[in-house]
Structure formats: structure tokens, C-alpha cells
Amino acid sequence: MEEITVQELYSLQETIAAGLFEGITYPWEALPKIHDFILKLGAGLSEEVYEKRGEDIWIAKSAKIAPTACLNGPLIVDEGAEIRHCAYIRGNAIVGKGAVVGNSTELKNAVLFNMVQVPHYNYVGDSILGYKSHMGAGSITSNVKSDKTLVVVKSENEEIPTGLKKMGAMLGDCVEIGCNSVLNPGTVIGKNSNVYPTSCVRGVIPSCSIYKKQGEITKRTGFFPVDMRE
């Protein structure tokens, strides 16, 4: 499925973690590599721009961290990011430039590209969120199947076994997730797509789509955000 490759979903110049995706085809292949990648990248970060706080935690000096936020490593918070009141980062996380991790939001084994917003009561686990993607209040990624079997990414015509027990959602650039939506394990949403509030989403959603409900997906028309790769 070419439409859900790293190349099609993401603007790699919009993340400090571009090297994480070298040599892989599908973004979920990066999930088991996040821990070691952060340790290697963090050790080489400029001390003029970043400061090390605790074990394996690197925070840009220009980032805003609420005193009530709970941060666990390995973790990198890039320049201009904001970690708000009572955010909980469990580790193995990269928060991009200008990104927002908000009140009571939880991150675990996740990469947030630059300018991502997860600002209100979100759970983002074993997931990768592309440039300028946004999750509305209460929307979450579900990262484990109820029967605990391995996650399979499914489109209308194809299935790709991931070999992973835990995989949340892969959101392409400029994806908008409506409030209180659930993104089921193995969800992949193409760039410039919108998901209606209170949706239950699974499988592959093509780029430039509007997801209204299961079986009802329309194409977007009109203005799209700039594709940063052009």
C-alpha cells in the first residue's frame, strides 16, 4: 500500500527524528526503535540549545514545561514545545518543535512531529503523528486489540501484518481528529484528512478524505494545507 508509506505520509524535514525512519517502508516499523534512537540522538544534542533533566531526558531551553507535568525518559522535547499542566509522558517519546502536549494528556512510545497538538485529555500510545496534525479533546489512540493478537493494518483490498502486539495510529501530515474519537489499533490516516467527532476509526483512511463513519468516507475539496515536501 504505497499511500501509507513513510514517504507518502510524512514531511521528514519537520521532525528531529528523521533518522528514525531511515531504511523502513511503513511508519510502524519505527516503533520498536524509538527507545534506542532517543538515547543515541540525545547524547549528541547541543548543550547550548538543550539541557538534560534527569536520566535520559533532554529538554530544549525554549520549551515550556509546567511544574505539574510528569516526564519520564527516554524523552526529547524540541524547541518551542509546550508541555502543559498534568501532562504525563511515560517515556520513549519525541515531542517536536512548537508541539503542544496538554492537560491530562498521556504519551508513550510516540513521535510527535513539529507543530502537533494533543492539547486536551488525549492518549497517544505506540503512535506517530505527522506535521501539524491535531487530536481534538478526548480523542485517543487504542494500541492493543481486545483479544491481544498481533495488529494487522487493513485497507479495502489488502492486509499487512505488523508483527506488533502494540500499535496505535499513524497520522499523516495535517490530519484533524474530531473530539472524543477512538482510533483503533492499526489505524492509518493519510495526510490532509479529517475525522468527524465521536468517530470509531479502524483501517486505512486515504489522504484528503473526510471520515464521517464506518463505510462513509468522502473526498475533501477546496483548500489543503501546504505540502512541505514540495
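Start at the lining of the largest pocket: its residues divide into 8 nonpolar, 6 polar and 5 charged. Here Ala, Val, Leu, Ile, Met, Phe, Trp, Tyr, Cys and Pro count as nonpolar, Asp, Glu, Lys and Arg as charged, and the others, Gly among them, as polar.

Before you go on, know what you are looking at. This is a predicted model, in which local features need pLDDT of at least 70, side-chain atom pairs count only at pLDDT 80 or more, and totals for chains, interfaces and linings use all residues. Residues are numbered from 1 along each chain as its sequence is written, and side-chain values use heavy atoms, with hydrogens and water left out.

**Stop 1: the largest pocket**

The largest pocket has a volume of about 460 Å³. Select Lys154, Arg202, Gly203, Val204 and Gln214: of the 19 lining residues, these are the closest to the pocket's centre. Now colour strand S15 (152–154) and strand S23 (204–205), the elements that give two or more residues to the lining. Strands (E, at least two residues) are DSSP runs, numbered from the N terminus.

How is a pocket found? On a 1 Å grid over the protein atoms alone, a pocket is an open set of points where a 1.4 Å probe fits, with protein on both sides within 12 Å along at least five of seven lines; lining residues have an atom within 4 Å of a point. Grid points are joined across faces, edges and corners, and the volume is the space filled by probe spheres set on the points.

**Stop 2: Thr105**

Select Thr105, in the loop between strand S9 (100–103) and S10. Is Thr105 buried or exposed? Thr105 is buried, at 0% relative accessible area. Buried means under 20%, exposed over 50%, and partly exposed in between (1.4 Å probe, protein chains only).

Show the Thr105 side chain. It reaches the backbone oxygen of Val118 at 3.1 Å. A polar atom of the Thr105 side chain also lies 3.3 Å from the backbone nitrogen of Asn122. Beyond its neighbours within four places in sequence, Thr105 is in contact (heavy atoms within 4.5 Å) with residues including Cys86, Tyr88 and His120.

**Stop 3: Asn122**

Move to Asn122, in the loop between strand S11 (117–120) and strand S12 (123–129). Asn122 is buried too, with a relative accessible area of 2%. Pick Ser104 next: Asn122 and Ser104 are 18 residues apart in sequence, and their C-alpha atoms are 7.2 Å apart. Not counting residues up to four places away in sequence, Asn122 touches Ser104, Thr105 and Glu106, among others, including Met135 and Ile140.

**Stop 4: the salt bridges**

Side chains of opposite charge can pair when their charged atoms come close. How many salt bridges does the structure hold? There are 6. Each is a side-chain nitrogen of Lys or Arg within 4 Å of a carboxyl oxygen of Asp or Glu.

Select Arg90 and Glu106, whose side chains meet at 2.8 Å, N to O. Arg90 lies in the loop between strand S7 (88–89) and strand S8 (93–95) and Glu106 in strand S10 (residues 106–112), so the pair ties together parts 16 residues apart in sequence. Arg90 is partly exposed, at 37%. Glu106 is partly exposed as well, at 22%.

Next, select Glu51 and Arg53, where the closest N and O atoms are 2.9 Å apart. Glu51 is partly exposed at 31%, and Arg53 is partly exposed at 34%.

Finish with Glu216 and Lys213, a salt bridge at 3.9 Å, N to O. Glu216 is partly exposed at 33%, whereas Lys213 is exposed at 51%.

Conventions:
Helices (H or I, at least four residues) and strands (E, at least two) are DSSP runs, numbered from the N terminus. A polar contact is a pair of N or O atoms within 3.5 Å; within protein, one must be able to donate a hydrogen and the other to accept it, and residues adjacent in sequence count only if both atoms are side-chain atoms.
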